[in-house]
Structures are given as C-alpha cells and as structure tokens.
Amino acid sequence: MSANMQATRRAFLEAAAGAAGSSAALSGQTQTGGEIPRRPFGQTGAQISALGLGGFHLGSATDLNEARTIVDTALDAGINFFDNAWEYHDGRSEEWLGAALKQKRDRAFLMTKVCTHGRSRNVAMRMLEESLKRLQTDHLDLWQIHEAIYDNDPDLIFKPDGAAEALAQAKKDGKVRFVGFTGHKDPSIHLRILAHGFPFDAVQMPLNCCDASFRSFEEEVLPEVNRRGMAALGMKSMGGSGELVRSGTVTAAEALSYAMSLPVAVTISGMESVAVLKQNLEVACGFKPLGGEEMARLRDGCRRAAADGRWELFKTTTKYDGAVGREQHGFPNAAALPA
C-alpha cells in the first residue's frame, strides 16, 4: 500500500471518529440498538448480515492480534459476512482472517476473490487452493472474480479456459457454494458481463450517495442485478477511504445509512480498527432503512460534489486499481504514477 493511501486512511479514522459522535441519529431514523438485520443472499436461500467486514482493511490492522479482535467483535455483534481477495496485502488479509476464524468457521459467510485478470482457469484454480489454505477452510461460501474494471475484462472472463470456467468448475467440485464478480470503475463493464447470461449468484459494486449522480451503479446495474434474482453486494459507501466523510459531503453515519438502505444483500465496509467497527455498529445494530425523502435529501445534497467524480476516485483515477490487475493488463503500477 502506498504512503498516500496510508495517510488517507489515517485521516479517515480521525474524521470518522468525530462523525460517529455527532451523527448517532439521522433525520427520520433513530439508532436504538438491537441486532444487525439478516437479508436474503439473492435467491439462494442463504441469509447474511446487512453489514459486512471488508478484507483489505482487515489486512491494514496494526497486527494479527488486532485483526482477531476486530473479527471477534464483529461476530459477537452479528456480522457474518466476511470479504477478502487473493491479492490483498500479498495474502496477509486472507491469512489473518483465516487465523481469526479458526474454530469459528461455521459462524461466517466467507467470501474471497480470484485475481487471474485474464489468465487461465488453471491459474484460477491454483489461486483457489492457496486461498483455501490461507483461510484455513475446505470451502468458500462465495468466490468472486476480482476487479472487473478494464474494457476487455468481459471478453477475458468468458474466453475459453478463462475465469468463468473456473467458477463453474469450483462450484461443481464443491469447493465453493456460490459465485460472482466485482468491479468499481464503470457500470457499462458490469452490464456487459451480465449480458453473457452466466449464472452468477452475486454481483459486487460501489454504492453510495454520490454514485447516483455520476456513472451510477445504483441507477444502471443494481436494478438489473435485482431483476435477475442475484445478490447485490455494495461497497465503498464512504468513497473507498472515507473521502465522502473527510470532504464534509456527508457524515459517516449518513453515508453508511444511505448505502444500507438500498436494495442490497449486504454493504461491505472497510474496518481496520475496533473504533471504526463500533462506529459502524452504531448504524447497523437495529438498522431500519431510510425513507424515500431522506434518501432523496442525501442524493440531492451530494449532487454538486458528485458531478465530476471527485470523491469517487475508484471511478476516475488509478488509486484503487490493484497492482496485479494493472500488470496483467499491461499498465504501469499505479503507485509509480504521478499524483
């Protein structure tokens, strides 16, 4: 992770801690505590927590002991959805999550992502075995294609001997229960992948109160995913590293409440400390979706700031593009590019 991203996350933690104290209640919603709601995972029959723990940020915790504490606190609060990816922190995120879930695997809906970025089914299956070993489990609840963000990714995913074939094989072999794909760059890429008609169980996308006004996954992709009966997974509710909060566009509680009020199975949030986890639990425990007027107020309040994507840098810059994917697509490492 670059020094710039580390500094961004430190700033987010400071801003979020202040926002949590000032935003325990939103207009039209009172935080009363209680259990985190469970929601259907598409049409699969599985149930998952409305708030999920992001895998990248878990690997940014101070050390393994803090990561264990985060996972234990999340489980005890009712979070059962755990996100991860083969490439996060060169495998550390999976290793720490595996260690934290040891002897608690049955309490978790465990997801990780395959990072072939155009490489063969054999590479994908090797990555799957490595992920299973790191996570200390014999199966995944959800295995997703990571970071479909390049224009040729739909073609690469469905080429002969590509990632789609690996998903089908892993599901047939019982190594994974469900399959999906993720991406954060452009709704049109998601729609082109969906147009292939592959039986995905889940689709992950960025959803926040700025997204509705700029290259909108909420407007273009979310309705299609729900129409197909797939589980919609939301991410980047605060901009990826808290950009929406640090800019003063919305509070942390408003940002998370908006994202969780959309028709999604789960909102995955990066929580690299117990403090940030507890801040999010203030919203998630006993959560009741915002009403239409409150949702509209937040969208309208963000519209001007959202117009050029300034707080959704995952859409407009290379900041959130993984090094492995850029390398496989023939682009320089994002960390080496000028700011």
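**Exercise 1.** How many of the eleven residues of helix 13 are buried?

*Solution.* The model is predicted: local features need pLDDT of at least 70, side-chain atom pairs count only at pLDDT 80 or more, and totals for chains, interfaces and linings use all residues. Residues are numbered from 1 along each chain as its sequence is written, and side-chain values use heavy atoms, with hydrogens and water left out.

Step 1. Helices (H or I, at least four residues) and strands (E, at least two) are DSSP runs, numbered from the N terminus. Buried means under 20% relative accessible area, exposed over 50%, and partly exposed in between (1.4 Å probe, protein chains only).

Step 2. Go through helix 13, residues 274-284. Its buried residues are Val274, Val276, Leu277, Gln279, Asn280, Leu281, Val283 and Ala284.

Step 3. Eight of the eleven residues are buried, so helix 13 is largely enclosed by the rest of the structure.

Step 4. Look just past the end of the helix: Gly286 has a positive phi of about 70°.

**Exercise 2.** Describe how helix 3 packs against helix 13.

*Solution.* Step 1. Axes are lines fitted to C-alpha atoms, for helices over the stretch in contact, and angles run from 0 to 180 degrees between N-to-C directions. For helix 3 (residues 64-77) and helix 13, the angle is about 15° and the axes are 10 Å apart.

Step 1. Angles under 35 degrees count as roughly parallel, over 145 as roughly antiparallel, 65 to 115 as roughly perpendicular and the rest as oblique. Helix 3 and helix 13 are therefore roughly parallel.

**Exercise 3.** Which strands pair with strand 5?

*Solution.* Step 1. Two strands pair if DSSP finds at least two bridges between them.

Step 1. Strand 4 (residues 81-82) pairs with strand 5 in the parallel sense over two bridges; Phe81 has Phe109 as its bridge partner.

Step 2. Strand 6 (residues 140-145) also runs parallel to strand 5, joined by four bridges. Here Met111 stands opposite Leu142.

Step 3. Six of the six residues of strand 5 (residues 109-114) are buried, so this strand is largely enclosed by the rest of the structure.
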